[in-house]
Amino acid sequence: MTTEQEQPTVETVESVVRAQLAKALGGRRGMVEAAVPTILFTALWLTTRELVLALTISVAAAVAMLVVRLVQRSTVQFALNALFGIGIGWLFVRLAASRGGSEDEQALAYFLPGILYNGGYTVVLALTCLVGWPLVGFMVGSVTGDPTAWHDDRQVVRLCSTLTWLLVVPCFLRVVVQAPLWLAGNSGAMDADTVVATLGILKIALGWPLQLAALAGMAWVLGRDRTPVTPSAA
(Lines give C-alpha, C1' and ligand atoms only; values in the text may rest on other atoms or scores of the structure.)
Protein backbone atom coordinates (compact mmCIF):
# COMPACT_ATOMS: atom_id res chain seq x y z
CA MET A 1 0.00 0.00 0.00
CA THR A 2 1.39 3.40 -0.99
CA THR A 3 0.95 6.51 1.06
CA GLU A 4 0.40 9.85 -0.57
CA GLN A 5 3.08 12.40 0.25
CA GLU A 6 1.67 15.25 2.26
CA GLN A 7 1.96 18.56 0.43
CA PRO A 8 2.40 22.00 1.99
CA THR A 9 -0.82 23.89 2.66
CA VAL A 10 0.59 27.33 1.83
CA GLU A 11 -1.46 29.08 -0.86
CA THR A 12 0.82 31.82 -2.15
CA VAL A 13 4.45 32.76 -2.45
CA GLU A 14 3.66 35.89 -0.46
CA SER A 15 2.34 33.91 2.52
CA VAL A 16 5.39 31.61 2.39
CA VAL A 17 7.79 34.56 2.51
CA ARG A 18 5.83 36.25 5.31
CA ALA A 19 6.02 33.09 7.38
CA GLN A 20 9.75 32.69 6.77
CA LEU A 21 10.52 36.34 7.53
CA ALA A 22 8.54 36.15 10.77
CA LYS A 23 11.02 33.57 12.02
CA ALA A 24 13.87 36.02 11.47
CA LEU A 25 12.36 38.77 13.65
CA GLY A 26 12.86 38.98 17.37
CA GLY A 27 10.34 41.70 18.03
CA ARG A 28 11.12 44.43 20.56
CA ARG A 29 13.06 42.03 22.74
CA GLY A 30 15.28 40.99 19.87
CA MET A 31 15.98 44.65 19.12
CA VAL A 32 17.00 45.28 22.73
CA GLU A 33 19.25 42.24 22.79
CA ALA A 34 20.98 43.46 19.64
CA ALA A 35 21.40 47.06 20.83
CA VAL A 36 22.36 46.78 24.52
CA PRO A 37 25.91 45.37 24.10
CA THR A 38 26.83 48.07 21.57
CA ILE A 39 25.38 50.82 23.76
CA LEU A 40 27.35 49.57 26.75
CA PHE A 41 30.59 49.22 24.82
CA THR A 42 30.37 52.71 23.31
CA ALA A 43 29.32 54.43 26.54
CA LEU A 44 31.96 52.73 28.69
CA TRP A 45 34.78 53.31 26.23
CA LEU A 46 33.98 57.01 25.88
CA THR A 47 33.59 57.57 29.63
CA THR A 48 36.35 55.36 31.03
CA ARG A 49 38.76 54.77 28.13
CA GLU A 50 39.07 51.24 29.54
CA LEU A 51 38.78 48.96 26.53
CA VAL A 52 38.88 45.69 28.48
CA LEU A 53 36.18 46.95 30.84
CA ALA A 54 33.96 48.02 27.94
CA LEU A 55 34.33 44.65 26.22
CA THR A 56 33.86 42.67 29.45
CA ILE A 57 30.65 44.48 30.39
CA SER A 58 29.32 44.07 26.85
CA VAL A 59 29.97 40.33 26.88
CA ALA A 60 28.51 40.03 30.39
CA ALA A 61 25.32 41.77 29.26
CA ALA A 62 24.99 39.45 26.25
CA VAL A 63 25.57 36.38 28.45
CA ALA A 64 23.02 37.62 30.99
CA MET A 65 20.39 37.99 28.27
CA LEU A 66 21.20 34.50 27.04
CA VAL A 67 20.82 33.05 30.55
CA VAL A 68 17.43 34.75 30.94
CA ARG A 69 16.33 33.22 27.65
CA LEU A 70 17.46 29.78 28.80
CA VAL A 71 15.69 30.11 32.16
CA GLN A 72 12.49 31.18 30.41
CA ARG A 73 12.92 28.40 27.84
CA SER A 74 12.39 30.84 25.00
CA THR A 75 14.32 31.02 21.76
CA VAL A 76 17.97 31.88 22.30
CA GLN A 77 18.64 32.83 18.67
CA PHE A 78 18.76 36.59 19.18
CA ALA A 79 20.73 36.46 22.42
CA LEU A 80 23.24 34.15 20.72
CA ASN A 81 23.45 36.53 17.76
CA ALA A 82 24.31 39.38 20.12
CA LEU A 83 26.89 37.26 21.95
CA PHE A 84 28.44 36.11 18.67
CA GLY A 85 28.65 39.70 17.44
CA ILE A 86 30.43 40.81 20.62
CA GLY A 87 32.75 37.81 20.42
CA ILE A 88 33.80 38.63 16.86
CA GLY A 89 34.29 42.26 17.86
CA TRP A 90 36.51 41.17 20.75
CA LEU A 91 38.54 38.98 18.37
CA PHE A 92 39.19 41.92 16.05
CA VAL A 93 40.18 44.07 19.02
CA ARG A 94 42.70 41.43 20.12
CA LEU A 95 44.06 41.17 16.57
CA ALA A 96 44.54 44.93 16.47
CA ALA A 97 46.32 44.79 19.83
CA SER A 98 48.59 41.95 18.70
CA ARG A 99 49.68 44.08 15.75
CA GLY A 100 50.64 46.95 18.01
CA GLY A 101 47.52 49.02 17.43
CA SER A 102 46.81 51.91 19.77
CA GLU A 103 43.79 51.89 22.08
CA ASP A 104 41.97 54.08 19.58
CA GLU A 105 42.71 51.61 16.80
CA GLN A 106 41.57 48.73 18.99
CA ALA A 107 38.30 50.50 19.80
CA LEU A 108 37.72 51.13 16.09
CA ALA A 109 38.48 47.47 15.35
CA TYR A 110 35.39 46.52 17.35
CA PHE A 111 33.18 47.99 14.62
CA LEU A 112 35.04 46.53 11.65
CA PRO A 113 33.36 43.07 11.63
CA GLY A 114 29.93 44.63 11.24
CA ILE A 115 31.07 46.68 8.26
CA LEU A 116 32.70 43.66 6.64
CA TYR A 117 29.65 41.49 7.34
CA ASN A 118 27.27 43.96 5.72
CA GLY A 119 29.62 44.39 2.78
CA GLY A 120 29.80 40.65 2.23
CA TYR A 121 26.06 40.26 2.65
CA THR A 122 25.46 43.02 0.10
CA VAL A 123 27.70 41.34 -2.47
CA VAL A 124 26.23 37.85 -1.96
CA LEU A 125 22.59 38.96 -2.07
CA ALA A 126 23.16 41.19 -5.08
CA LEU A 127 24.92 38.38 -6.94
CA THR A 128 22.01 35.99 -6.34
CA CYS A 129 19.74 38.52 -8.04
CA LEU A 130 22.13 39.27 -10.87
CA VAL A 131 22.54 35.59 -11.76
CA GLY A 132 18.78 35.07 -11.61
CA TRP A 133 18.63 32.96 -8.44
CA PRO A 134 17.48 35.44 -5.76
CA LEU A 135 18.03 34.19 -2.22
CA VAL A 136 14.42 34.72 -1.14
CA GLY A 137 13.40 32.13 -3.73
CA PHE A 138 14.99 29.42 -1.62
CA MET A 139 12.58 30.37 1.19
CA VAL A 140 9.81 29.35 -1.16
CA GLY A 141 11.64 26.17 -2.12
CA SER A 142 12.07 25.18 1.52
CA VAL A 143 8.28 25.03 1.87
CA THR A 144 7.25 23.57 -1.48
CA GLY A 145 9.54 20.58 -1.07
CA ASP A 146 11.79 21.34 -4.03
CA PRO A 147 14.54 23.94 -3.41
CA THR A 148 14.77 24.95 -7.09
CA ALA A 149 11.35 24.35 -8.69
CA TRP A 150 10.32 27.95 -8.02
CA HIS A 151 12.90 29.06 -10.61
CA ASP A 152 10.75 27.66 -13.43
CA ASP A 153 8.11 30.32 -12.76
CA ARG A 154 9.29 33.72 -14.02
CA GLN A 155 6.64 35.54 -11.98
CA VAL A 156 7.98 33.97 -8.79
CA VAL A 157 11.57 34.78 -9.79
CA ARG A 158 10.67 38.45 -10.37
CA LEU A 159 8.89 38.67 -7.01
CA CYS A 160 11.77 37.01 -5.16
CA SER A 161 14.29 39.26 -6.91
CA THR A 162 12.42 42.36 -5.77
CA LEU A 163 12.30 41.09 -2.19
CA THR A 164 15.98 40.16 -2.20
CA TRP A 165 16.98 43.61 -3.48
CA LEU A 166 15.00 45.11 -0.60
CA LEU A 167 17.15 43.04 1.77
CA VAL A 168 20.28 44.39 0.06
CA VAL A 169 19.42 48.04 0.68
CA PRO A 170 19.96 48.16 4.49
CA CYS A 171 23.29 46.33 4.24
CA PHE A 172 24.51 48.57 1.43
CA LEU A 173 23.54 51.75 3.29
CA ARG A 174 25.35 50.61 6.45
CA VAL A 175 28.56 50.09 4.49
CA VAL A 176 28.28 53.37 2.56
CA VAL A 177 27.72 55.38 5.75
CA GLN A 178 29.99 53.59 8.23
CA ALA A 179 33.02 52.54 6.13
CA PRO A 180 34.20 56.10 5.31
CA LEU A 181 33.92 57.05 8.99
CA TRP A 182 35.90 53.99 10.08
CA LEU A 183 38.61 54.71 7.51
CA ALA A 184 38.77 58.36 8.59
CA GLY A 185 39.15 57.38 12.24
CA ASN A 186 41.71 54.69 11.53
CA SER A 187 43.81 57.01 9.37
CA GLY A 188 43.71 59.90 11.84
CA ALA A 189 41.69 62.15 9.55
CA MET A 190 39.01 62.33 12.27
CA ASP A 191 39.20 62.18 16.05
CA ALA A 192 38.95 58.51 17.08
CA ASP A 193 36.59 59.17 20.00
CA THR A 194 34.24 61.07 17.71
CA VAL A 195 34.28 58.23 15.21
CA VAL A 196 33.71 55.57 17.90
CA ALA A 197 30.75 57.53 19.29
CA THR A 198 29.31 58.07 15.81
CA LEU A 199 29.76 54.43 14.81
CA GLY A 200 28.11 53.31 18.05
CA ILE A 201 25.09 55.50 17.33
CA LEU A 202 24.96 54.48 13.68
CA LYS A 203 25.26 50.78 14.51
CA ILE A 204 22.01 51.09 16.45
CA ALA A 205 20.26 53.65 14.22
CA LEU A 206 21.08 51.70 11.05
CA GLY A 207 20.37 48.35 12.67
CA TRP A 208 16.81 47.35 13.47
CA PRO A 209 15.17 50.65 12.35
CA LEU A 210 16.63 50.30 8.87
CA GLN A 211 15.88 46.59 8.77
CA LEU A 212 12.27 47.23 9.78
CA ALA A 213 11.98 49.86 7.03
CA ALA A 214 13.17 47.28 4.51
CA LEU A 215 10.72 44.72 5.88
CA ALA A 216 7.92 47.28 5.65
CA GLY A 217 8.79 47.70 1.98
CA MET A 218 8.73 43.93 1.57
CA ALA A 219 5.35 43.77 3.32
CA TRP A 220 4.01 46.36 0.87
CA VAL A 221 5.25 44.30 -2.08
CA LEU A 222 3.85 41.11 -0.58
CA GLY A 223 0.47 42.76 -0.05
CA ARG A 224 0.06 43.69 -3.69
CA ASP A 225 -0.01 40.28 -5.40
CA ARG A 226 -0.99 36.69 -4.86
CA THR A 227 1.50 34.49 -6.66
CA PRO A 228 0.43 30.82 -6.48
CA VAL A 229 2.86 28.30 -5.06
CA THR A 230 3.23 25.16 -7.11
CA PRO A 231 4.16 22.22 -4.86
CA SER A 232 6.79 19.87 -6.18
CA ALA A 233 5.64 16.62 -7.68
CA ALA A 234 5.76 13.59 -5.39
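A salt bridge is defined here as a side-chain nitrogen of Lys or Arg within 4 Å of a carboxyl oxygen of Asp or Glu. The model is predicted, so that local features need pLDDT of at least 70 and side-chain atom pairs count only at pLDDT 80 or more, whereas totals for chains, interfaces and linings use all residues. Residues are numbered from 1 along each chain as its sequence is written, and side-chain values use heavy atoms, with hydrogens and water left out.

Two salt bridges were found in a search of the whole structure. In one of them, Asp104 pairs with Arg49, and the closest N and O atoms are 2.9 Å apart. This pair links distant parts of the chain, 55 residues apart: Asp104 belongs to helix H5 (residues 103–109), and Arg49 to the loop between helix H2 (27–48) and helix H3 (51–72). Helices are DSSP runs (H or I, at least four residues), numbered from the N terminus. A salt bridge also joins the side chains of Arg49 and Asp193, at 2.3 Å from N to O. Because Asp193 lies in helix H9 (residues 192–205) and Arg49 in the loop between H2 and H3, this pair ties together parts that are 144 residues apart in sequence.

Arg49 is partly exposed at 30%, as are Asp104 at 26% and Asp193 at 25%.

The packing of helix H4 (residues 77–98) against H6 was also examined. The two helices pack at an angle of about 115°, with their axes 8 Å apart; axes are lines fitted to C-alpha atoms over the stretch in contact, and angles run from 0 to 180 degrees between N-to-C directions. Ile88, Gly89 and Phe92 of H4 meet Leu112, Pro113 and Leu116 of H6, where contact means heavy atoms within 4.5 Å. By class, this contact has five nonpolar residues, one polar residue and no charged residues; Gly counts as polar and Pro as nonpolar.

A nonpolar surface patch of about 970 Å² includes Tyr117, Leu127, Trp133 and Trp165. Such a patch is made of residues with over 30% relative accessible area and no salt bridge, its nonpolar side chains (Val, Leu, Ile, Met, Phe, Trp, Tyr) being joined within 5 Å. Helix H6 (residues 112–130) gives the most to the patch, with five residues. Trp165 is placed in helix H8 (residues 154–187) and is partly exposed, at 37% relative accessibility.

Conventions. Patches are made of residues with over 30% relative accessible area and no salt bridge: like charges are joined within 9 Å, nonpolar side chains (Val, Leu, Ile, Met, Phe, Trp, Tyr) within 5 Å. Accessible areas come from the Shrake-Rupley method with a 1.4 Å probe; for residues, only the protein chains shown count as cover. Buried means under 20% relative accessible area, exposed over 50%, partly exposed in between (1.4 Å probe, protein chains only).
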